[in-house]
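This briefing goes through a protein chain by topic.

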Amino acid sequence: MRECFELRDTDAGGRIGDLAVPRAGVTVETPALLPVINPNLDTISPRRLADEFGAEILITNSYIIHGDDTLRERAIEQGLHEMLDFPGAIMTDSGSFQLSEYGEIDVTTEEILAFQREIGSDIATPVDIPTPPDVSRERAEAELEMTQERLEIADAADTGEMLISAPVQGSTYSDLRERAGSHAEETDLDVFPIGAVVPLMNDYRYDDMIDVVAAAKRSLGADAPVHLFGAGHPMMFALAVAIGCDLFDSAAYALYARDDRYLTVRGTRALEDIEYLPCSCAVCTEHSPDELRSLPPNERETELAAHNLHVTFAEIRRIKQAIRAGNLLELVEQRARAHPTMLDGYRALLDHAAQLERSDPVSKGSFFYTSHESARRPEILRHHQRLERLSVPDSLLLTVDRSAPDDGFDEVWRVQPPFGPFPRALSKSYPLTAEVPKRTDRAALEAAAAGITRLVEANPNASVTLAHRGWPTGVLETVPESVQLLDLLAE
Ligand SMILES: [Zn+2]
């Protein structure tokens with residue numbers, strides 16, 4: 001067991017956890033946002049991040065500090081916490097990003113880890129190789145090997161109480177991400193960033209991002225805190241949490257502010273295009289869009305950055321509440337409507353329903369069927385698995401409502417799209433208490449038919465009749481031929 005991370009709640013692949021950071025003497029609740037602090041530019045001071053926004057952890061770049069004589073001396077003399085004036089936990093990056101941008105850097109993993117320890121970092125990072133998406137397999141494999149060697153160096157280094165991150169690379173090759181995940185899992189390292197996903201997010205490839213994370217998660221243990229490196233837009237946090245990400249770092253709040261861009265959970269808006277501010281943070285209640293636009297550039301940047309952070313932290317809280325209430329996937333579904341590429345991301349997430357099912361609680365507060373994608377949620381998959389274990393009488397009527405003539409059957413079970421059949425005894429148990437629309441859709445009927453098929457195939461000797469109400473032929477054709485059909489609309 002990894003001692004630094006403890007799970008408290010789960011919903012789908014999402015979790016609320018406690019990340020103990022011994023060197024800082026604090027426990028960070030996850031999902032957590034790590035605002036990125038550029039040691040040279042202070043858009044919002046770290047002290048303000050803690051006091052006004054409740055930031056428990058931030059991230060800064062040890063390589064930038066190492067490369068600047070003044071900063072380096074101050075950091076060594078004062079320590080990071082005093083230099084930045086931040087009371088929470090501080091994670092440091094290593095220069096890997098600079099390596100990927102400029103092709104080379106002038107420190108080794110040993111040197112930068114020792115430096116991170118010297119300046120008082122709480123979570124340090126080795127110099128991994130961020131392999132971009134879509135490179136050749138040879139390159140992805142060769143660079144993954146280098147990353148793994150560096151993780152082994154980090155694993156063997158004397159780093160005291162400082163936690164160490166173990167970045168998981170492998171480009172867009174799922175099997176390499178899986179291999180990287182199991183290698184990282186075997187080390188004694190502590191935090192697991194999924195690396196080099198920024199290019200995917202910059203290209204709105206949220207479906208590929210989900211596949212990459214899902215692959216890494218398959219081989220990382222449930223007690224491994226996972227960091228989605230470089231993911232800072234609040235629009236995609238719920239999606240990323242649902243596949244199992246626990247930590248996010250946001251430079252977006254400051255970078256977007258510098259470009260006069262205003263973050264919302266439904267995407268980014270240019271300040272010049274905004275007539276009404278859809279937010280009730282202090283910045284947005286105290287200014288009109290015109291007032292924001294007429295501020296001097298520095299002030300405007302700070303105000304926009306503050307708004308961007310408020311939106312981002314609010315979304316993290318909303319996600320935690322959704323995990324507590326058991327409706328994280330409903331939140332993901334709402335966010336998926338913000339952009340077609342987000343919908344691709346949600347659909348990719350549902351491709352991994354079996355993986356999500358393993359951490360999904362058996363019982364939750366509610367199941368709201370709010371789009372045809374809901375028919376592929378893990379709860380439905382689990383119900384279908386359960387159908388195989390139920391005992392079935394010799395003759396069974398499955399019916400969509402009470403109007404079916406039920407004499408002559410040993411038992412009558414309800415059929416509820418999207419779940420399919422279930423015995424009366426289960427009708428009050430989750431997820432069969434779901435709220436579903438009266439106007440059912442084809443995806444729900446198809447999922448119900450798949451449940452019937454599963455039940456019939458597990459009980460080939462039972463005589464099964466399905467009383468439906470005008471189900472389309474295409475759906476009925478997916479049910480085994482042995483099932484007698486009765487259309488209640490035709491009665
Ligand atoms: Zn606002």
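Apart from its neighbours within four places in sequence, D93 is in contact with I59, N61, S62, Y63 and T125; two residues are in contact if their C-beta atoms, placed from the backbone, lie within 7 Å. This is a predicted model, in which local features need pLDDT of at least 70, side-chain atom pairs count only at pLDDT 80 or more, and totals for chains, interfaces and linings use all residues. Residues are numbered from 1 along each chain as its sequence is written.

**Active-site annotation**
- UniProt lists D93 as "active site" in an unreviewed entry; UniProt positions are given in the numbering used here, feature names are shortened, and annotations may be inferred rather than shown by experiment.
- D93 sits in strand β6 (residues 89-93); helices (H or I, at least four residues) and strands (E, at least two) are DSSP runs, numbered from the N terminus.
- D93 counts as buried because it has 27 C-beta neighbours inside 10 Å; a residue is buried if 20 or more other C-beta atoms lie within 10 Å of its own, exposed if 12 or fewer, and partly exposed in between, with C-beta atoms placed from the backbone.

**Binding-site annotation**
- The UniProt annotation "binding site", from an unreviewed entry, covers D128 and A196.
- These residues span 69 residues in sequence, yet no two of their C-alpha atoms are more than 10.3 Å apart, so they gather at one spot.
- D128 lies in the loop between β7 (123-124) and α7, and its 29 C-beta neighbours inside 10 Å make it count as buried.
- Leaving aside neighbours within four places in sequence, D128 is in contact with S96, T147, R150, P167, Q169 and G195.
- A196 is placed in the loop between β9 (192-194) and α9 (198-202), and it counts as buried with 28 C-beta neighbours inside 10 Å.
- With neighbours within four places in sequence left aside, the contacts of A196 are P130, T131, P132 and Q169.

**Helix α7**
- Helix α7 (residues 137-156) has 20 residues and should span 28 Å at 1.5 Å a residue; its end C-alpha atoms are 29 Å apart, which agrees. The expected span is 1.5 Å times one less than the number of residues.
- Buried residues of α7 are A140, E143, L144, T147, R150, L151 and A154.
- They cover an arc of only 125 degrees around the axis, so they are on the same side of α7; the arc is that of the directions from the helix axis to the C-beta atoms.
- The buried residues of α7 pack against α6 (109-118), β8 (163-164) and α8 (174-186).
- Exposed residues E138 and A156 are on the face of α7 turned away from its buried side.

**Annotated domain and helix pair**
- UniProt lists residues 13-340 for "domain: tRNA-guanine(15) transglycosylase-like" in an unreviewed entry.
- Over residues 13-340 the chain is 49% helix and 16% strand, with the end C-alpha atoms 22 Å apart.
- Helix α16 (residues 328-336) and helix α17 (residues 340-351) pack at an angle of about 145 degrees, their axes 8 Å apart. Axes are lines fitted to C-alpha atoms, for helices over the stretch in contact, and angles run from 0 to 180 degrees between N-to-C directions.
- V332, E333, R335 and A336 in α16 meet M342, L343, G345, Y346 and L349 in α17.

**Loop position S482**
- S482 is in the loop between α21 (473-476) and β18 (484-487), and is exposed, with 12 other C-beta atoms within 10 Å.
- S482 and P460 are 22 residues apart in sequence and 8.8 Å apart in space, C-alpha to C-alpha.
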